[in-house]
Every structure is written in structure tokens, then in C-alpha cells.
Amino acid sequence: MHITRRGTLLLGLSGLATIGGTTIMPYAARAQDGLGDTYETDSGQITIRPISHASFVMTTPGMTIYNDPVGGAAAYEGQPAPDLILITHEHGDHYDAETLSAIVADNTRLVTNPAVYDMLPEGLKSKATAIGNGESTTVDGMEINAIPAHNTTEGRLQYHPKGRDNGYVLSIDGRRVYIAGDTEDIPEMRALEDIFIAFVPMNLPYTMDVDQAASAVAEFAPQYVYPYHYRDSDPDAFAARVRESEAETDVVMGPWYG
């Protein structure tokens, strides 16, 4: 697993835990330094700071990106202002107009799925671009591809119907980052290639169970994967399943729930 030098110094080797061949960092200590998790790119760094559930802040060599920010402005105190906000879909744990209105800056741009775009207040809509499944856009030279995100299991189809919601693949300075949104292990996820960092959900009945998520990750084999949006699921069991698959993927545990 990737560990920044500062994170290693703060924790020491005794701070590392291992499930089989998968190394997991206890993030409570790392979160206290406020730096997040740092990964190298061609000309700089990507830093990931989990906020809660499905929300995180990602800084890149060119911009600061907020994903699915909800929970009010206080949740983002101390974070750099967003240059870009991504919204995957309309559910309240992913989209909140009041939070968006409180955190946008003058130069902030939004990329959303079409359903959320139609819901945006006019002041936010003027900053937004809507892309649907299979479409793409570019923000300050960064390509953003909208990947399908939906349920496939009978009895769950109403939660995330096919064609409405987005996942995103971001091309960041030579690295590809996949944000799955709320989805099951759809063929488009399994077909992904060359993913550096992935964010994959697992909670029933809305997304996947642990076995589905681990099976999908083993198929597209990102270099690093964050289990997120996993309330009431067991991320340690997910890590064990990924290790058993022999995929060359490091599971990274973030402080999504305090």
C-alpha cells in the first residue's frame, strides 16, 4: 500500500495492520495531520482527504475537486476552496443544494448527471455542465468521462435505475481515477483499464455487497482502491476478498465514519 513518508513517520511500523497480503493503514492517526493520502503523478501529487460516506476532497497538480459534497459547509472547514465539484446523482447523501451554495467559490465549476443538473438552483446551474452515461467533458485540461452507475439485481432496480446516474473516470496528469458512485458491479466497471485509484461502494440494498465489490475490483484491478459508501458493510472482509483474488490492488481504508 502507498504510504507517504510523513504518514509513516507519524505512525511507525507498529501502526500498520495486515490482512493476508493486503496492508491497511489505521487512518485515525493519519487523519489528524490533515494532509490526507498522497500519490505521485507525472508532475505533482494527488491527495485524497475523505470527508464522510461518499464525500471526499481531492487535490491534484491543477485543481481541488470535491466529490458529492453534503453535510453543510462546516464539514469542509479548513479545506481549500473547490475548483470543481462532481455530483454523481440526486440522493441526499450525494447531492445537497444548500451545501453546494455554501461552498462554491467564484471560479467553481460543477459537473453533474442530467437529472441533478435539472434540479440545480439557477445560481448553481450557471456554473454547471451536465454529462450523461458515455459522455465526456474537459475542465481545465482534465478529461472527465461519465460511466454508468446503476443497480442490476431484481428488487434493487428502483434505487439507481439504468441510465440516470453517473460514475466518473478522471484523467489526472497521467493517472486515471475512478469514482463509482452508487452502483452494482456492472460490465462497464469490470471493463475499466489502467485505473490508478478507485472508489467503490458496498452497502445493501442500495449498491453492492462485499463479495460483488471485491469480485469487480479483482476484475479491473486498480492499483489502489478505497472502499467507501459502506455503512453497515464490512470493509475488512472486502479487503480479505481482494487479497484472496490475487489482484495486485492495495486496499486503502479511510475515515469515512469518524
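Where does Thr207 lie, in terms of the loop and the elements on either side? Thr207 sits in the loop that runs between β14 (197-201) and α7 (210-220). Helices here are DSSP runs of H or I with at least four residues, strands are runs of E with at least two, and both are numbered from the N terminus. The model is a predicted one, in which local features need pLDDT of at least 70 and side-chain atom pairs count only at pLDDT 80 or more, while totals for chains, interfaces and linings use all residues. Residues are numbered from 1 along each chain as its sequence is written, and side-chain values use heavy atoms, with hydrogens and water left out.

Thr207 has 0% relative accessibility, so it counts as buried. Buried means under 20% relative accessible area, exposed means over 50%, and partly exposed is in between, using a 1.4 Å probe and protein chains only. Apart from neighbours within four places in sequence, Thr207 is in contact with a list of residues that includes Asn151, Arg156, Asp182 and His229. Contact means heavy atoms within 4.5 Å.

Now for the whole protein. It has eight helices and 16 strands. Of its 258 residues, 52% are buried. Taking contacts with a separation of 6 or more, 55% come from residues 24 or more positions apart.

Next come the sheets. Two strands pair if DSSP finds at least two bridges between them. In this sheet, β12 (residues 165-172) and β13 (residues 175-179) pair in the antiparallel sense over five bridges, and Ile172 stands opposite Arg175 in β13.

Strands β6 (residues 64-67) and β7 (residues 84-87) run parallel and are joined by three bridges; the bridge partner of Asn67 in β7 is Leu86.

Back to α7, and which of its residues are buried? They are Val210, Gln212, Ala213, Ala214, Ala216, Val217 and Phe220. These buried residues pack against β13, α6 (187-190), β14, β15 and α8 (235-244). Just after α7, Ala221 takes a positive phi of about 45 degrees.

Strand β14 holds Ile197, which counts as buried because its relative accessibility is 0%. Leaving out residues up to four places away in sequence, Ile197 touches Tyr39, Ile46, Arg176, Val177, Tyr178, Tyr224 and Tyr226. Ile197 and Leu170 are 27 residues apart in sequence, with their C-alpha atoms 9.9 Å apart in space.

Last, the aromatic rings. Rings of Phe, Tyr and Trp (its six-membered ring) pair if their centres lie within 6.5 Å; planes under 30 degrees apart count as stacked, over 60 as edge-to-face and the rest as tilted. By this rule the count is 14 aromatic pairs. Phe196 and Tyr224 form an edge-to-face pair, 5.4 Å centre to centre with 90 degrees between the planes. The pair links distant parts of the chain, 28 residues apart: Phe196 is in the loop between α6 and β14, and Tyr224 is in strand β15. Both Phe196 and Tyr224 are buried. Tyr230 and Tyr257 have ring centres 5.0 Å apart and planes at 70 degrees, so this pair is edge-to-face. Tyr230 is buried, with a relative accessible area of 11%, whereas Tyr257, at 31% relative accessibility, counts as partly exposed. Ring pairs also link Phe56, Phe199, Tyr226, Tyr228 and Trp256 into a cluster.

Charges meet rings as well. The charged end of Arg175 sits over the ring of Phe196, 3.9 Å from its centre, and the charged end of Lys125 sits over the ring of Tyr117, 5.3 Å from its centre. A charge sits over a ring if NZ of Lys or CZ of Arg is within 6 Å of the ring centre and within 35 degrees of the ring normal.
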